[in-house]
Amino acid sequence: MLSRWSVPSTEGQKDGGIPERHRVVIVGGGAAGLELATSLGRNRRLAVTLIDKSRTHVWKPKLHEIAAGSMDTSRHEVGYLAHARKHGFVFRIGQMSGLDRVARLVSVDPYVDSEGERVTPRRNVPYDTLVIAVGSQCNDFGTEGVLKNALKLESLGDAVRFNRKLMNACFRAQAQDGPLTAAQLRICIIGAGATGVELAAELHRTGKEVLNSADAALNGRAKLEIHLIEASDRILPALPARLSAAAHDLLSRSGIHVHVGASVSSVDEGEVTLKDGRTIPAEISVWAAGVKAPALLKTLDGLETNRLNQLTVHPTLQTTLDSSIFAIGDCAACMRPNGKGYVPPRAQAAHQQASFLARHLSQFIAGGSLPPYRYRDFGSLISLGDFSTVGNLMGSVVGRNMFIEGVFAKLMYKSMYKMHELALHGWWRVARETLARSLTPSTGSKVKLH
């Protein structure tokens, strides 16, 4: 009689008749994928493999701080290989390129490093249960010039690239003798959702530190100028109007130029052109508008996707056409239980879905049924740098919809990241490192002119 943890008959047995461990492959090491791998890796009846194209993990909502140069990356970066070794799963570097659902194989492209060296070959990774958690990326809606002339904040590499261009802009302005051009030290952020708003606020804080530390020739005659452009009639359009208005007021009073109802027609080298004909000179342009899943998902052996390339899933998070394949996080199109829209692509949803599968996947593998996943909206919090944090807590937290800002909101915002750290490292390590950070001056990558 086979054990309740037996794998399908397509998988062999080890010598002595002992069933092999059920193979769970997780593609994508973002918040959802890494949290799930960490939790499942503790189960010795499972053989868990995580696949990601990067060497390290950084919580995506932190990318705007890295881009602005206000976060010590080394204190928040998680190396996949070491983390996997510590938590009982296997890490394989590379990017998913295809799927064979009949043979249950994930195809992984060769990994080539930044110097062009081919590190790993093309290979196939077998699975019994597959979890796809590849996240999302910006949707440029085919806008002219975005791919060539605008930066994005989709990965740690993107954030580091942005920070390098920011530093170069400041060095250039510091060194030149003549007057600055209209575009110099001006940044255009296209898209005033959470990413764009938080980046604008963080850049304002960094800009003050940069230019206040510059020499007398630069200090006083120039400053970092930030333009935030949004096609909707208000910033943070997905959030409550009161929260949007509070954030708009804080940004405007700080000197950030906020443009609403302003659609972009093209992004050219050195300027952004709006559909009404206006142009905004800019030394750096960053695209932070729109969200979609990677186009690769539309090619995965017939799996059903929506117009945003997301994999369509049942309430159990299983893909509609294959019960052995799950999708979680931003790449999953999961209908809310009431049928009113889809679960939003937020960090809290990714965390909840990873926790859901961590609790219930074992019973599914053992032949049991899965309960439906139910999204709990705990509200929205937006960090506005050194100004404030604003947000709303939903009824599931406080019994009613409550708008908050200031110190309490800032603490709540930080608690979201602590939940992610706890899922990866546990209470003891998080408490120890939080105490160490509070007692040790940051040696972060803040942008400074020398």
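The structure holds 2 cavities of 30 Å³ or more, where a cavity is a set of points, on a 1 Å grid over the protein atoms alone, at which a 1.4 Å probe fits but cannot get out. This is a predicted model, in which local features need pLDDT of at least 70 and side-chain atom pairs count only at pLDDT 80 or more, while totals for chains, interfaces and linings use all residues. Residues are numbered from 1 along each chain as its sequence is written, and side-chain values use heavy atoms, with hydrogens and water left out.

The largest cavity contains about 50 Å³ of space, a volume being the space filled by probe spheres set on the grid points, which are joined across faces, edges and corners. Its lining, made of residues that have an atom within 4 Å of a point, includes Gln-310, Gly-329, Asp-330, Pro-344, Pro-345 and Arg-346. The lining of the largest cavity divides into 5 nonpolar, 3 polar and 2 charged residues, where Ala, Val, Leu, Ile, Met, Phe, Trp, Tyr, Cys and Pro count as nonpolar, Asp, Glu, Lys and Arg as charged, and the others, Gly among them, as polar.

From the cavities we turn to the charged pairs. The count comes to 10 salt bridges, each being a side-chain nitrogen of Lys or Arg within 4 Å of a carboxyl oxygen of Asp or Glu. One of them joins Arg-161 to Asp-158, with the closest N and O atoms 2.9 Å apart. These two residues, Arg-161 and Asp-158, are separated by about one helical turn because they stand 3 residues apart in helix H5 (residues 156-175); helices here are DSSP runs (H or I, at least four residues) numbered from the N terminus. Arg-161 is partly exposed at 37% relative accessibility, whereas Asp-158 is buried at 14%; buried means under 20% relative accessible area, exposed over 50%, and partly exposed in between (1.4 Å probe, protein chains only).

In helix H6 (residues 194-212), Arg-205 and Glu-202 are likewise 3 residues apart, about one turn of the helix, and their side chains meet in a salt bridge of 2.5 Å, N to O. Arg-205 is partly exposed, with a relative accessible area of 21%, while Glu-202 counts as buried at 3%.

A further salt bridge links Arg-278 with Asp-276, whose closest N and O atoms are 2.8 Å apart. Here Arg-278 counts as partly exposed at 40% relative accessibility, and Asp-276 counts as exposed at 53%.

Key:
1 Å grid on protein atoms, 1.4 Å probe; cavity = no way out; pocket = protein on both sides within 12 Å on 5 of 7 lines; lining within 4 Å.
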